[in-house]
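I'll jot things down in the order I look them up.

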Amino acid sequence: MSRYWSDVVQRLTPYVPGEQPQHPRLIKLNTNESPYPPSPRVLDAIHSIDGDALRRYPDPESSALRVAFAEAAGLQPEQVFLGNGSDEVLAHVFLGLLRHDAPLLFPDISYSFYPVWCDLYGITGETVPLRDDFSIAVVDYTRPNGGIILPNPNAPTGLLLGLDDVRTLLEANRQSVVVIDEAYIDFGGESAVRLVDRYDNLLVVQTLSKSRALAGLRVGVAFGQAKLIDGLQRVKNSFNSYPLDAVAQRAVLASLGDGRWFQESCEKVIASRVRLTAGLVELGFTVVPSSANFVFASPGAGRDAQALFLALREQGIIVRHFAKPRIGDFLRITVGTDEQCDALLDALSGLLAAL
Ligand SMILES: Cc1ncc(COP(=O)(O)O)c(C=O)c1O
């Protein structure tokens with residue numbers, strides 16, 4: 001606390017990201033990064049950058065990238081917004097599209113950054129409880145609101161909401177913006193991007209951090225009708241005109257050009273998820289059906305999830321535990337390579353045997 005801090009800063013409770021410890025033999029399954037390096041074309045694009053590209057400011061509108069994203073999504077470039085990670089895109093969405101007199105609705109168990117942006121921008125957030133099985137009941141989102149946001153698949157549960165339910169949500173809320181945060185959609189879901197032309201209140205946000213293995217570059221994207229995107233451009237150009245640096249713009253363009261790498265790496269993660277889920281079930285865990293690159297699993301009665309989290313950490317295996325209502329008995333485990341998942345299962349097996 002400092003007397004120089006503004007009232008807003010004094011009131012903030014900042015988001016705490018998963019830890020990034022520097023440890024050579026660490027098995028890091030706590031922040032849902034890809035276990036694989038990005039497409040080799042990305043590295044080629046980065047290596048080919050010359051001094052001139054760095055000396056100059058980058059294209060503030062990331063025009064070539066917007067065209068590439070638009071083509072891939074069957075949309076127009078004016079329907080694409082880019083930011084420095086989807087966290088930045090989402091922050092702009094909160095300020096530019098979700099700040100209204102009525103409350104913003106989001107699930108009681110979802111991305112824990114949402115309440116932080118509510119605080120930052122003075123938005124009233126209202127949580128809507130998930131059902132007991134952690135599924136989202138779209139009928140609960142028919143109350144008056146100034147916007148709706150939900151991750152799909154949800155985080156940290158990994159549960160997918162079908163496109164029919166997304167459509168129902170949109171039909172029931174024609175007066176407010178509905179944001180579908182699709183950080184994990186490539187691991188088994190159907191994107192709502194195809195609904196963008198039909199609904200002027202739909203914004204779909206995606207990230208290059210997970211399925212494109214580019215968390216270190218920080219690039220996120222939003223798709224919506226031109227008026228929504230225009231609102232975001234206004235916020236961006238009042239905050240930071242150049243959110244994507246020259247390296248990121250070229251590297252992401254190269255990534256989008258490598259469909260084969262993308263498909264293969266998603267398939268590998270999905271196969272490893274099936275294997276990891278089976279291994280956890282064999283150890284007595286209850287695993288929520290996941291459509292993401294992580295699983296949400298409870299060790300079961302008499303086995304303390306937090307104690308397991310700490311004991312795994314001692315062995316250099318880092319997963320995520322949220323000491324929060326309803327989910328304190330669960331661990332969120334990123335799907336790693338099969339070798340990493342096996343090391344986790346071996347460690348868990350040893351720990352459970354010692355109980
Ligand atoms: C649901 C959800 N949305 C958004 C993000 C932010 O991703 P990034 O800022 O890396 O694009 C994450 C990151 O873990 C996430 O889980």
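Predicted model: local features only at pLDDT ≥ 70, side-chain atom pairs only at ≥ 80, totals over all residues.

Is N32 buried or exposed? I counted 24 other C-beta atoms within 10 Å, so N32 is buried. (My cut-offs: 20 or more other C-beta atoms within 10 Å of a residue's own is buried, 12 or fewer is exposed, in between is partly exposed, with C-beta atoms placed from the backbone.)

Residues are numbered from 1 along each chain as its sequence is written.

**Positive phi**

I checked the backbone of N32 too: its phi is near 60°, a positive value in a residue other than glycine. N32 sits in the loop between β1 (27–28) and α2 (40–47). (Helices, H or I with at least four residues, and strands, E with at least two, are DSSP runs numbered from the N terminus.)

S62 isn't a glycine, yet I found a positive phi of about 45° there. I place S62 in the loop between α3 (51–55) and α4 (63–73). With 27 other C-beta atoms within 10 Å, S62 is buried.

**Cis bonds**

Next I looked up peptide bonds. The one from N152 to P153 is cis, with omega near -5°. P153 belongs to the loop between β5 (147–151) and α7 (163–172). A155 and P156 are also joined by a cis bond, with omega about 10°, and P156 is in the loop between β5 and α7.

**Helix α11**

Which residues of α11 are buried? In this helix (residues 305–314) they are A305, L308, F309 and L312. They span an arc of only 105° around the axis, which puts them on the same side of α11. (The arc is taken from the directions from the helix axis to the C-beta atoms.) On the other side, L310 and E314 are exposed.

I then asked what covers the buried residues of α11, and the list includes β10 (294–298), β11 (317–318), β12 (331–334) and α12 (338–353). (Contact is C-beta atoms, placed from the backbone, within 7 Å.) Just after α11, G316 has a positive phi of about 80°.

**Ligand**

Last stop: I found 13 residues around the ligand, the closest being G85, S86, D87, T207 and S209. (Near is a C-beta atom, placed from the backbone, within 6 Å.) Helix α5 (residues 85–97) gives the largest share of the shell, 3 residues.

Conventions. Contact = placed C-beta atoms within 7 Å.
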